[in-house]
Amino acid sequence: EMCIIKWDALHVKLMLNKNSNSYQVLTKDSVTVSVDAVVYYRVSNATVSVANVENAHHSTRLLAQTTLRNILGTKNLHEILSDRESISGSMQAALDEATEPWGIKVERVEIKDVRLPVQLQRAMAAEAEAAREARAKVIAAEGEQKASRALKNASEVMSESSAALQLRYLQTLNSISAEHNSTVIFPLPIDMLQSLVRK
C-alpha cells in the first residue's frame with residue numbers, strides 16, 4: 001500500500017492556548033501580560049514528522065508556548081507593545097529552526113493582542129493624568145512669569161511719564177464703559193487732588 005499525503009495544502013492554525021486563546025507571560029520588568037498569539041505551520045515532510053517525533057502538532061504547540069515565554073521574558077513591556085513585528089519574526093525563526101527536524105515548516109507567527117492587568121491599566125492612566133496636570137501647572141507658571149515680566153516692563157515705562165499713566169487710566173475707563181453701562185468710579189491721582197486743594 002502507498003500512502004500519499006498532499007502536504008502543500010495542509011495549513012494548521014495553532015492557538016497557543018485553546019481554552020482561553022491567551023498565554024500569561026512575565027516580562028523583563030516583572031509585568032504579567034496576557035498574550036494572544038497565532039502560529040501558522042505546515043507539515044513539510046510527513047515521513048520525518050511521523051518518524052522523528054511522537055506527536056508533531058502537540059510538540060509544536062508546546063515549543064511555541066515555551067518560545068513565546070522565553071522571548072517575551074527578555075523584553076520590557078514597552079518593547080512588547082511597540083515592537084510586535086520584530087518579536088514575531090524572531091519567534092518564527094526560532095520555531096522554524098527547532099521544528100525542522102520534525103518535518104514542520106513554520107510559515108508565520110503573529111502576536112494578535114497584548115492585554116494588561118486592569119490594575120496596571122488604572123495605574124498607567126493615573127500616572128498619565130498626573131503627568132498632564134504637572135505639565136499644565138508648569139505651562140501656567142511660565143505664563144505667569146512672562147506676564148509679571150511684561151507688567152514690570154510696562155510699569156517702568158509708565159513711571160517715566162505721568163501722561164502715560166493718565167492715558168492708561170482713560171483706556172481702562174473706555175474699556176469698562178464699553179462692556180458695562182453702569183456707574184464708574186474714576187480714581188484720581190493724589191498729586192492732582194493736592195494741587196486742587198492748594199488752590
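Predicted model: local features only at pLDDT ≥ 70, side-chain atom pairs only at ≥ 80, totals over all residues.
**Entry 1: Arg 42**

I started with Arg 42, which lies in strand E3. Helices here are DSSP runs of H or I with at least four residues, strands are runs of E with at least two, and both are numbered from the N terminus. Arg 42 counts as buried, at 17% relative accessibility. My cut-offs: buried is under 20% relative accessible area, exposed is over 50%, and partly exposed is in between (1.4 Å probe, protein chains only). I also found a polar contact of 2.3 Å between the side chains of Arg 42 and Glu 107. That term covers a pair of N or O atoms within 3.5 Å; within protein, one must be able to donate a hydrogen and the other to accept it, and residues adjacent in sequence count only if both atoms are side-chain atoms.

Residues are numbered from 1 along each chain as its sequence is written, and side-chain values use heavy atoms, with hydrogens and water left out.

**Entry 2: the whole chain**

Next I zoomed out. I found seven helices and four strands in the chain, in the order β-β-β-α-α-α-α-β-α-α-α along the sequence. The chain has 199 residues, and 24% of them count as buried. I then looked at contacts (heavy atoms within 4.5 Å). Of those with a separation of 6 or more, 68% are between residues 24 or more positions apart.

**Entry 3: the core**

Which residues have the most contacts inside the largest nonpolar core? I got Val 25, Val 33, Val 35, Val 39, Leu 68, Leu 72 and Leu 95, in a core of 27 residues. Strands E2 (23-26), E3 (32-43) and E4 (104-115) each give two or more residues to this core, and so do helices H2, H3 (77-82) and H4 (84-99). E3 gives the largest share, six residues. A nonpolar core here is a set of buried Ala, Val, Leu, Ile, Met, Phe, Trp, Tyr and Cys residues joined through side-chain atoms within 4.5 Å. In soluble globular proteins, nonpolar side chains tend to be buried together.

**Entry 4: H2 against H4**

I looked up how H2 and H4 pack: the angle is about 140° and the axes are 10 Å apart. The two helices are therefore oblique to each other. On the H2 side, the contact includes Thr 60, Leu 63, Ala 64 and Thr 67; on the H4 side, Met 91, Ala 94 and Leu 95 are among the residues. Axes are lines fitted to C-alpha atoms, for helices over the stretch in contact, and angles run from 0 to 180 degrees between N-to-C directions. Under 35 degrees is roughly parallel, over 145 roughly antiparallel, 65 to 115 roughly perpendicular, and the rest oblique.

I picked out Ala 64 in helix H2. Ala 64 is buried at 0% relative accessibility. Its C-alpha atom is 9.3 Å from that of Ala 94, 30 residues apart along the chain.

Thr 67 is found in H2 too (residues 56-72). Thr 67 is buried, with a relative accessible area of 9%. Its side chain reaches the backbone oxygen of Leu 63 at 2.7 Å. Leaving out residues up to four places away in sequence, Thr 67 touches Met 91, Ala 94 and Leu 95.

**Entry 5: Ser 30**

Last, I checked the loop between E2 and E3, where Ser 30 sits. Buried or exposed? Ser 30 counts as exposed, at 58% relative accessibility. Ser 30 has a positive phi of about 60° although it is not a glycine.
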